[in-house]
Amino acid sequence: MSVELGHFALVLAFALALVQAVVPLVGAKLNHDKLMAVGGPVALTSCALVAISFAVLVSAYVQSDFSVANVWENSHSAKPLIYKISGTWGNHEGSMLLWVLILVLFGSLVALFGRNLPASLRANVLSVQGLVAAAFLLFILATSNPFARLVPAPIEGQDLNPILQDVGLAIHPPLLYLGYVGFSISFSFAVAALIDGRIDAAWARWVRPWTLVAWIFLTGGIAMGSYWAYYELGWGGFWFWDPVENASFLPWLSGTALLHSAIVMEKRSALKIWTVLLSILTFSLSLLGTFLVRSGVLTSVHAFATDPARGVFILMLLILFIGGALALFALRAGTLAPGGLFQPISREGALVVNNLLLTTAAATVLIGTLYPLALEAVTGEKVSVGPPFFNLTFLPLIFPLMMLVPFGPLLAWKRGDIWAVSQHLFAAFTIALGCGAAVLLFMDRATLAAALGIALGFWLIFGAVTDIALKAGLPKAGFGTALQRLWKLPRSIKGTALAHAGLGVMALGLVSVTTLEIERIVVLKPGETVEVGDYRLRLDGIQPFTGPNFTEDQARFRLFASDGTARGTVVSAKRFYAVRGVPTTEAGIRTLGLSQLYVSIGEVTEDGGLVVRAWWKPWVTLIWLGALVMMIGGTLSLLDRRLRVGAPMPRRKARLVVE
Amino acid sequence: MTRKQKRLSVIGAGMAFLALAAGLTFYALGQQTSYFYMPADLLAKKLGDDERIRLGGLVQDGSVVRNEGAETRFAVSDSENAINVVYTGILPDLFRENQGVVTEGRFRADGVFVADTVLAKHDETYMPREVADRLKEQGVWQEEEGN
C-alpha cells in the first residue's frame, strides 16, 4: 500500500509542478498579485510530496520490500543498514528521485526565503523552477518509475553492486546533486531576469550566495568521488579524465567562473549579460552531465545505469531547456542595461581573464568529452580521448590561470596598479621559487617539472597569505595590530584567501603525486619484503575473513621504516560478493603524515606467491585536503555579514543552508 | 576607454583565448587521441612506431598465461584474429577468459602488444561498448540477459 502512496505522491507533485510552472508566470505577466502568490505554497507542497515519495522508497529499501522491482534489483536483506539506505540512490531510478527531491527543495527555499525579492522576479523564478521540476518528474514517471511492483514478490534481492557498497558512495551522489541541482537556482534567476527584461541589485545578491552554495557542494562531491575511485577501484588513481568525471567537472569549471563574474556584477554592476549567460551555461552543463551519465551514450568505467530510451527523453529535456534559455537570451540580452566601466588592469579585468581561461578550459574539456561521440556519429570511427589530450589542452590553460590567481584579490576595482601589486607579491614569489629549488636540491627523484609545479602550489598559498597580510595592514600597522585586524577582516576576504590557498594545497598534492610517486609491482611469498620509497613492506600471510555479505582473502603486511622500526600493519584484500558473484579489490592504505602507502593485491601465482602492487604516494592527501580548504573558504565567504545585508536570509536559516 | 573600446577589447581577448584553445585542441586531437582498434583492424593497418593505441576484443579462451613474477600474457581476439598481449601488474577483478577487455599500450618490435593499462568496468555483465558494437557488426556477439 505505502509504495503506491509514494507513486501517487509523485504524480501529485508533477501536477503541482505544472501549476507552479504556469500560474506565477501568467501572474507576473498580468501583474496580478494573487496569481503570483500561488507559486510559494505550491512549491512547498510539491516539495513535501516528493519528500514523502522519497521517504516511501527509502523505507521500502530499509524493510527489504522485494515486491518493489527497484528494491529487488538493488538490495539484499543481508546488506548493512547504511547500504540499504544508500542503495536507494545507488541506482538510476532512485538517484533521479533524489535529483528531483533536491531540485524541489531548492525551489521551496526560494519560496521560503525569497519574501523580499521583487514579486515578479520571485514569481518568474518559481515558475522556471516548477517547469524544470515538472519535466524531470515526468521523466521519472514515464521512463524510470522506482515504484514498479513485482508479482509475485521474490524472497531475496539481487544486492547492490558491491563497488557501490561504500560510505564514500553513500554520500557522494547527494553531495554531487546538491551541487549540480543547486545551479538550477542561478539558471532560474537568469531566465526570470530575461523574461522580465531587467536585472536589479537583488538579482546579484541572490544569485551569488546560491551559486556559492552549489559550488561548495559540487567541490565536495567531486573530491569525494575522486577519493572513492582512489581507494575503492584499487588502481591508485584519483582522476581519470573519464567522461563521467568530466560531466561533473564541466559545471564546476563554469560554476567557478560564474562565482567570480557574479562578484563583479554585485560590486560593480558590470558583466551583467555575461553573468546571465554563464548562469544558463552552468546549469546546462549540469543537465548535460545528467544526460551523459544517465543515457548510456558514453563508455565509462563509472556509468552504472544506462538505457537509450531514457537518453532520448533527457536529450529532449536538454534541447528544451538549453535551447529555450539560449534563445530567450539571444532575444532579450540586449534589453539588459549595461553596467560600470573599468580599465583592463583592474580587479574586474583580472576576473574577466579568470572567466576567459575557465570557460575556455571548460570548452576544451567539453570537446574532449564529446568529440568521440560526434566522430562516431559522423564517420563511425571510434576513438578514445584520454589523459594525454587533457594534459595537452587543459593544463596549458589552467597553469597561467593559477599563476594569475594571487594578483586578482590585490588589484583595485576599476583601475589597478599592476606594478605595486607585483612588488607586494615579490616575497611570495621568492619563497615559492625557494620551495621549488629546495625540492630540486633535496629530493632525489625531483625533476624540473616537479619543482616548478610545487613552486606553483606554494605561490598560490603564499599569494593568499600576502593578500590577507596586506588587508590586515602589514607591514605598516605592525604585527600585533595586524593580528587584531585579521580577526575582524570581513569573512568574504578570508574566504577568498582560503579558497585560493586551497587551490594551491591541491596543486601541491597533484604535482607531487604525479611526479614523485613510486610504484613497485612484485610477487611476494609470506615473509618476503619489498621496498617502496623510504619504507619496507613485509607480507605476513593471507587469511580468510567473512563479512556481513562477502568473504575475503586478507593479505596482511607489516610496514617498517628505513631504520627498521615497525610502523604498523597494512591490510589489503580480495573480496568476493557471493550474491552477485563479483570480486572486488580492497586497497590497503596507510597514511603517513600527508603521504600514503597504497597496496593492492592480485592473484596468487602457481608457486604460492602473491602479486603485489605497492605505491608510495607523497603528499597525496593534499589533493582532497585542498578541496576541503576550498570548501571551508567558500562557506566562510557565504557566512559573510555583508553578503547577508542584501540577501534576504535570516542568520539562523543561512547557516541551515550551509549545513 | 569608452564602452565600445572596452567591449571590443574584451571580445578581442575572448577570441584570442578561443583561438589558443582551438589550436591546442586540434594539435592534441592530432597527436594524442589514442585510437581504438580491434585485432582485424590492426592486420589491415600499418601503425607507426611507438604509436599508442587502445586494443579491444575478447580475452581468447585458454590464452591466459601467468609468467614469472607479475607478468601475464594473453591474447585479445575478435574471434577470427588474435593479438598477443603482455601486461605487468594486477589485472582488473573482472578480467576473465572470454570477457571483453580494452587494453592500452604500444607494439613491441616483435609484434607483441605491451599493455600498460587493462580496463574493466565495475559490473559483472560489462562488455566495453566499443567491443560490443564491433562484435555485433561481425555477428559474433550474442545479446546477454540482464542489464
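Is A:Trp241 buried or exposed? A:Trp241 is buried, with a relative accessible area of 10%. Here "buried" means under 20% relative accessible area, "exposed" means over 50%, and "partly exposed" is in between, using a 1.4 Å probe and protein chains only.

Before we go on, a word on what you're looking at. This is a predicted model, where local features need pLDDT of at least 70, side-chain atom pairs count only at pLDDT 80 or more, and totals for chains, interfaces and linings use all residues. Residues are numbered from 1 along each chain as its sequence is written, chains are lettered from A and ligands numbered from 1 in the order in which they are written, and side-chain values use heavy atoms, leaving out hydrogens and water.

Back to A:Trp241. You'll find this residue in the loop between H9 and helix H10 (243-268) of chain A. Helices (H or I, at least four residues) and strands (E, at least two) are DSSP runs, numbered from the N terminus. The phi of A:Trp241 is near 55°, a positive value in a residue other than glycine. Most residues other than glycine have a negative phi, and most peptide bonds are trans.

Now hop to the loop between H7 and H8 of chain A, where A:Asp159 sits. A:Asp159 also has a positive phi, near 75°, without being glycine. With 0% relative accessibility, A:Asp159 counts as buried. The loop between helix H7 (119-143) and helix H8 (167-196) holds A:Pro152 too, and a cis peptide bond, with omega about -5°, links A:Val151 to A:Pro152.

Next, the nonpolar cores. A nonpolar core is a set of buried Ala, Val, Leu, Ile, Met, Phe, Trp, Tyr and Cys residues joined through side-chain atoms within 4.5 Å. The largest one has 179 residues, and those with the most contacts inside it include A:Trp99, A:Phe106 and A:Trp203. Helix H9 (residues 201-232) of chain A gives the most to this core, with 18 residues. Apart from it lies another core, of 21 residues, among them A:Leu524 and A:Val599.

Take A:Trp203: leaving out residues up to four places away in sequence, its contacts include A:Leu121, A:Phe189, A:Met265 and A:Val276. Contact means heavy atoms within 4.5 Å.

Finally, look for A:Leu109 in helix H6 (residues 92-113) of chain A. A:Leu109 is buried, at a relative accessible area of 17%. Beyond its neighbours within four places in sequence, A:Leu109 is in contact with A:Gly114 and A:Trp210. From A:Leu109 to A:Ile632 is 523 residues in sequence and 22 Å in space, C-alpha to C-alpha.
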